[in-house]
Amino acid sequence: MRESIPALPSSNTLPGRFGWQPCQQTPLHRTLHRTSLLGRFSPHEPWKDESDLTVPGREPPVDTLDEPPAAFCEYRLAKEGREQMGTAASVLPAPRTHNAAPVLHLDTSVWVALSRARLHADDPFRELWGHLLEATESGRVQVALSNMNYLEVWNRRARASRDDLGLTIAMLSGYVSLRDIDQLTGAEVSLAIDARREGGLEQQPKRLPRSWVLGTGVRHAFNSEMGRYRFVETLESNAEPEGPPVEPPPELVSFFSLLEPRNFEWIQLVGSDDGHNFAGVDFRPTHRHGDEWVDQQEALRRFVQRVASDDSLLYRAIILQRLEAIRPSLIELTSLDEFVNLVPSPAAGVSLIGKVPIEHVVAELLFQALRNPAYSFRQHDQADIYDLAHSIPYCDVVAADKHWAHLATAGHLDSEYRTTVLSGIGGLAKWADSALH
């Protein structure tokens, strides 16, 4: 039976000139790891909310909030009822603090399977759900969320579906999260540059401390006080890039500050009741970015095949792609002379990327896929690859999509990072039978 999730104040009750979408990071690959509140917002303009929740001139009850931050927040909270905030607090899981227990990370397809097991007593993985719930609540294992886990919940259009999946995620993870992938990559690049200066690129890459990598909540996962949201002046389209960043409206900042931690985390995870139907909103640009990414990878494959059927050339081409992805960090961390001489040969490029774990995992997975001429990339492969790049270097156990789990082990990434890589929900069940009993 589906648990009843109480309605919460919605952060989607915004003027029609607002837009939200997962944002684009760098041109090559950080297109999936943030979500944005975008648009041209003026706090002095009249509201134009198509949901008619903020009718001009309508006065909300005076006792709704002690210090109401803005009309739209005040009215929405009055409409939903402050008492529901208390109800929600008694139902929704509270955020947990990370600990020293082994870290498990789950692909979204595994989360979906576990959600079915939670809801249906006759599901074949119902026992697995029970074991995982007991293990996480007792602190024997912790489940860490990635940026991608958050973003993929919002790919489900129906609110009931997001609620079901979100409650499963919240119950097991307690919102323990991996640090923002861009922060991690930048820190890895910095360590690699330091190692090069010390003449130590032949050594194993230094691992970032787990106490720094792990944290709690969406703010940690996206390195932002606004959680998964940021603001830009105009939305990205197929024809135009997104506009420059702008400051979030004070009304929304104040609105988020009103929420109890569990309610703030819940809204960030599953969204609001009506936001996915809001006029002018692009919630799923990952589909467009995924198509563009597929075209890039297939173009790379065709280029290598045209020049020579040579795996070493293919690998060097991928390394060049990954070096381009971290070029802004390299420029920031080095002098001009050092940057110019940073990669004097293809072997030096391979060595440098090998010391940046996230980029190294991306390179190895792309190589395993591109060297197989029978494999055609899918739109969702981009999300799978970067989720594994985020999790394999920093988690003890990763339950991945079956295809990419196979390629990760074929590329020896499991042994490289001493991470157990499992194939889907079935692999997770087999691991739990031995590890959690």
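Author: Tyr375 is buried, as is Trp404; buried means under 20% relative accessible area, with exposed over 50% and partly exposed in between (1.4 Å probe, protein chains only). The model is predicted: local features need pLDDT of at least 70, side-chain atom pairs count only at pLDDT 80 or more, and totals for chains, interfaces and linings use all residues. Residues are numbered from 1 along each chain as its sequence is written, and side-chain values use heavy atoms, leaving out hydrogens and water.

Reader: Which kind of pair do the rings of Tyr375 and Trp404 form?

Author: Rings of Phe, Tyr and Trp (its six-membered ring) pair if their centres lie within 6.5 Å; planes under 30 degrees apart count as stacked, over 60 as edge-to-face and the rest as tilted. The centres of Tyr375 and Trp404 are 6.3 Å apart and the planes stand at 85 degrees, so the pair is edge-to-face.

Reader: How many aromatic pairs are there by this rule?

Author: The rule requires ring centres within 6.5 Å. Applied to this model, it gives a count of nine aromatic pairs.

Reader: Which cluster do ring pairs form around Trp154?

Author: Trp154 counts as buried at 1% relative accessibility, and Tyr229 also counts as buried at 1%. Ring pairs link into a cluster Trp154, Tyr229, Phe255, Phe256 and Phe264.

Reader: Which residue lies over the face of Trp154?

Author: A charge sits over a ring if NZ of Lys or CZ of Arg is within 6 Å of the ring centre and within 35 degrees of the ring normal. At 3.7 Å from the ring centre of Trp154, the residue is Arg228.
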